[in-house]
Amino acid sequence: MFLRYRWVLLISFIFLVAVEAEDTRLEIKEAWIPEAPPGVSAMAGYMRLLNTGTEVLLITGASSPDFAHVHLHATIQDGDLMRMVALEKIEVAAGELVELVPNGKHLMLRNPVQQPRSGDTVQVVFKTNRGDIAVEFKVLSAR
Ligand SMILES: [Cu+2]
């Protein structure tokens with residue numbers, strides 16, 4: 001898992017990957033995946049979800065043509081350890097901002113068809129109570 005990242009990096013690409021799905025009243029920003037270190041194939045996906053509508057958004061699953069498995073995860077403190085648990089759903093209340101960030105909620109992407117590298121784009125389709133929502137994630141260098 002990637003414990004460090006740079007705000008500078010995040011700020012610099014906000015405008016590159018900002019997606020506004022007006023029909024769903026949902027803003028998805030900074031959808032990114034840190035490039036995996038050599039020998040590591042599992043990757044984490046991060047993004048910011050702003051529900052600008054008046055109804056709750058429930059994400060109940062995700063899939064990607066680029067990975068065999070995509071799961072919703074959270075990182076939790078377990079005594080002195082940090083560990084990951086699977087989430088059945090991610091809920092974004094009306095008007096709420098939910099952030100998928102390092103050491104927090106995230107997407108877990110496993111078994112890539114072909115290991116994505118910095119500069120690549122990964123498509124993830126979220127299953128939600130508003131139908132499927134496709135999001136392009138940008139793979140970026142983690143350091
Ligand atoms: Cu995870």
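**Entry 1: a buried histidine**

I started with His-106, which counts as buried because 25 other C-beta atoms lie within 10 Å. The cut-offs I used: a residue is buried if 20 or more other C-beta atoms lie within 10 Å of its own, exposed if 12 or fewer, and partly exposed in between, with C-beta atoms placed from the backbone. A note before going on: this is a predicted model, where local features need pLDDT of at least 70, side-chain atom pairs count only at pLDDT 80 or more, and totals for chains, interfaces and linings use all residues. I number residues from 1 along each chain as its sequence is written.

His-106 sits in strand E9. Helices (H or I, at least four residues) and strands (E, at least two) are DSSP runs, numbered from the N terminus. I then looked up what His-106 touches, leaving aside neighbours within four places in sequence, and found Ala-44, Gly-45, Tyr-46, His-73 and Leu-100. Here, two residues are in contact if their C-beta atoms, placed from the backbone, lie within 7 Å. I also checked Ile-33: it is 73 residues from His-106 in sequence, and the two C-alpha atoms are 10.0 Å apart in space.

**Entry 2: the whole chain**

Along the sequence, the pattern reads α-β-β-β-β-β-β-β-β-β-β-β. Of the 143 residues, 28% are buried. Among contacts with a separation of 6 or more, 64% join residues 24 or more positions apart.

**Entry 3: the core**

Which residues have the most contacts inside the largest nonpolar core? I found Ile-33, Met-47, Leu-107, Val-124, Val-135 and Phe-137, in a core of 29 residues. Strands E2 (26-34), E3 (43-51), E4 (57-63), E5 (67-78), E9 (106-112), E10 (121-128) and E11 (131-140) each give two or more residues to this core. A nonpolar core is a set of buried Ala, Val, Leu, Ile, Met, Phe, Trp, Tyr and Cys residues joined through C-beta atoms within 7 Å.

**Entry 4: partners of E4**

I followed E4 to its neighbours, remembering that two strands pair if DSSP finds at least two bridges between them. E4 runs antiparallel to strand E7 (residues 90-92), with three bridges joining them; Leu-57 has Val-92 as its bridge partner in E7. E4 is also antiparallel to E10, through four bridges, and there Ile-59 is partnered with Thr-128.

**Entry 5: Leu-50**

Not counting residues up to four places away in sequence, Leu-50 touches Glu-27 and Leu-97. Arg-25 is 25 residues from Leu-50 in sequence and 8.6 Å from it in space, C-alpha to C-alpha.

**Entry 6: two positive phi angles**

I looked at Glu-30, in strand E2, which has a positive phi of about 55 degrees although it is not a glycine. Glu-30 counts as buried because it has 22 C-beta neighbours inside 10 Å. Asn-111, in strand E9, also has a positive phi of about 55 degrees without being a glycine. Asn-111 counts as exposed because it has 11 C-beta neighbours inside 10 Å.

**Entry 7: confidence**

Last, I checked pLDDT, the predictor's confidence in each residue, from 0 to 100. The chain averages 86, and 83% of the residues score at least 70. Over residues 1-18 the pLDDT is below 50, and this stretch has 23 contacts in the model beyond near neighbours in sequence. Where pLDDT is low, the predicted coordinates should not be read in detail.
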